[in-house]
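Here is a short briefing on a predicted model.

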Amino acid sequence: MTEEVMLHGCLNNIASAQEALYGRFSPRMLGVCYRFARNREDAEDMLQEGFIKVFSQIHQFRNQGALEGWIRRIVVHTCINVLKKNKKFADSVDLIHANSIHLNENNIHSILQAKQVVESIRLLPMGYRTVLNLYAIEGFSHKEIAAILDIEESTSRSQYTRAKAMLEDILIKKKIINKPREHMGLTGLTK
Amino acid sequence: MEKKFYTNDFEHLLKENADQFKMFPSKKVWHGIYNDIHPGTRWPSIAMSLLFVFTLVLIGHLNTQQGQHSYLPNVPKNVESKKPLDKNGNKETTAKSVNSSIEKDATLNAIAIPSHSLLIKEQLKGRSNQVSIRENFVEASNDIIYSSKEKNPDGRALSNSERNNEDLIVNRSSADLQNINTLIFDELNITAIEYTTGLTTDNISPSTIFSKPADYNYESIANNITDISNPGLKENKINVPTRTKIHKNPKITWGYYLAPSFSYRTYSNKGNDADQIYLGYINNSNSAGVNRPVTHRPTAGLEVGTAMKYSLTKKLKFTAGFQANYSSYTIQANNIHPIIATLILHDEKTAMPYAISAISYFGNGPGTIPVNLYNYSVQLSVPVGFEYQLAGNDRIQFSAAASFQPSLVLANQAYILSTDKRNYLTQSTLSRHWNMSTNVGTYISFASNKFKWQIGPQVHYQLLSAYANKYSVREHFIDYGIRVGVSKLIR
């Protein structure tokens, strides 16, 4: 079924077209939700809520851009709304959580890099993770993130910096990325 | 500059990998979406299933609810009535209903007129005597007034010792007219039955109720009765309608039961060793079976429920009901500093392995800070099965029962062993929400007037693993218990 046919069927509330659209985009969208959620169950709840909004607002899609991108934006906003509703952004919790993370290199072996990266992202505290997801992966600006999460733009920037540093550390330990070469100063000494 | 380039590469790496990442949602997600956008055509729900089962039970109960009334007495069908003696003193037997008249034959002079006649005559003579009838309608007394057989076949009057013990014997004493009239009517019934059907008083159930018709005229009966000494007796027709309740063998019983049990699990790994190799572990100690490295202990479990039993045959019953189960076992673990533990799962559609990681706070086995973890499951199930009586009589029976129980997991706690078997972590998404169990047991039952008590051993085994198929470890709860139950006969 082509995208146009699916879209036309969804506009007419035809169940088979809706199921086809869901089947095509749900795996990737669940991956999006999984990066935001605490666990798979929460991710599926976010996905369900997101697709309900997609089908109820399908008539607002104006064929300006890809359908997947439009669905993705709805799903991301749904994830954020769920997190805000459940108040998962407590910084104090994040700091404690961040300090207690201990990586045992002997236990970390993964097969698929994409899965590794996503799992690494999920190890971050909720607040860091959300900002990193929105900025680095979903492409929102810090200004937009501040408006969505109801925080200051400077807070968004600082949270992203910390999140990136922590994630780099995790990925280096997981040997997904190499440690960057240290910057050499004019005197030849490392900084 | 170098750092900036690295930074852009890093973000590019994140986006590229995140976009490639896919997960397949469970079916319930689509069901939830469908039910929301198509509210008129919902998927069958638990409530509908329960309503269906309840409706079936109710229909079965109403169809077998007794309350039938009959004007026939509660008599065995194969009872033959005794015909009066013929001339040669031989007894002939024919079957007659109680509503038939008491026919008289000229040859009946060897058999006394039903005893009520004498009583009525005595009453009419003004003698007031108290009459009592006990449960078996017999009360021995020195004042034996009459019996249903006044004379033996050769015409000689019977002595007391010769009277059949089954004969109706009434001890008379003072009583008011109404009582005697009622009693007379009862005697009429008894004697009529005895005469026409050959039943003795022992055959008549104490629960048989004789009621006096409102328009029954005892005096007219008395007037029509001739002297017992007169061999030429007129026909004596007595239509004695009786009303009695027929008690069928109860087909439905409803009961409650409780089964404390000894709860544990079977634990096995399907492909866990392959996962170990897949992860890159070459440590032989980790390639041992999943049971050896863990320390688990059984704990107490409990099963409570209610069930309906419908008799298909005399010995075979169909059972259905509702039941709640609690099963659990203890895990010996130790508190550790939080570490990342890995689980290898298998995609349910493609069987491709993939890893998930989570923080673990517990190590496997005893350590410096031991802790006991509890894996438990609370399930609501609908047991459906059969019960077969192996031996016994109406009072005491020995039976065997078996049932299948589709179950809904209401609550559970599952500490899952990591793939390297070193840590425990919680992953509620791996637990099944639905399961299927089986229950097999034998028991002895004791029947009292209204209730039936049961006690006996049983085994309850969970057929499907407590975890989804994508997790390679299989865990099945198993409970060994003693069931104690009580059921009420529904008449």
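In chain B, β10 and strand β15 (residues 423–426) run antiparallel, joined by two bridges. Across this pairing, B:Gly363 stands opposite B:Asn423 of β15(B).

- Strand β10 of chain B spans residues 353–364, and ten of its twelve residues are buried, so the rest of the structure largely encloses it.
- B:Leu343 has B:Ile356 in β10(B) as its bridge partner.
- β9(B) and β10(B) form a hairpin with six residues between the strands.
- In that hairpin, B:Ala351 adopts a positive phi near 65 degrees.

**Cavities**

- Eight cavities of 30 Å³ or more are found in the structure.
- The largest cavity holds about 320 Å³ of space.
- Its lining consists of 29 residues.
- Closest to the centre of the largest cavity are B:Tyr257, B:Thr319, B:Glu387, B:Ala401 and B:Arg483.

**Lining of the largest cavity**

- Elements of chain B that each give two or more residues to this lining include β7 (252–269), β9 (316–346), β13 (396–413) and β18 (473–490).
- β16(B) supplies the largest share of the lining, with five residues.
- By class, the lining has 13 nonpolar, 13 polar and three charged residues.

Conventions
Residues are numbered from 1 along each chain as its sequence is written. Chains are lettered from A and ligands numbered from 1 in the order in which they are written. This is a predicted model: local features need pLDDT of at least 70, side-chain atom pairs count only at pLDDT 80 or more; totals for chains, interfaces and linings use all residues. Side-chain values use heavy atoms; hydrogens and water are left out. On a 1 Å grid over the protein atoms alone, a cavity is a set of points where a 1.4 Å probe fits but cannot get out, and a pocket is an open set with protein on both sides within 12 Å along at least five of seven lines; lining residues have an atom within 4 Å of a point. Grid points are joined across faces, edges and corners, and a volume is the space filled by probe spheres set on the points. Helices (H or I, at least four residues) and strands (E, at least two) are DSSP runs, numbered from the N terminus. Ala, Val, Leu, Ile, Met, Phe, Trp, Tyr, Cys and Pro count as nonpolar, Asp, Glu, Lys and Arg as charged, and the others, Gly among them, as polar. Buried means under 20% relative accessible area, exposed over 50%, partly exposed in between (1.4 Å probe, protein chains only). Two strands pair if DSSP finds at least two bridges between them.
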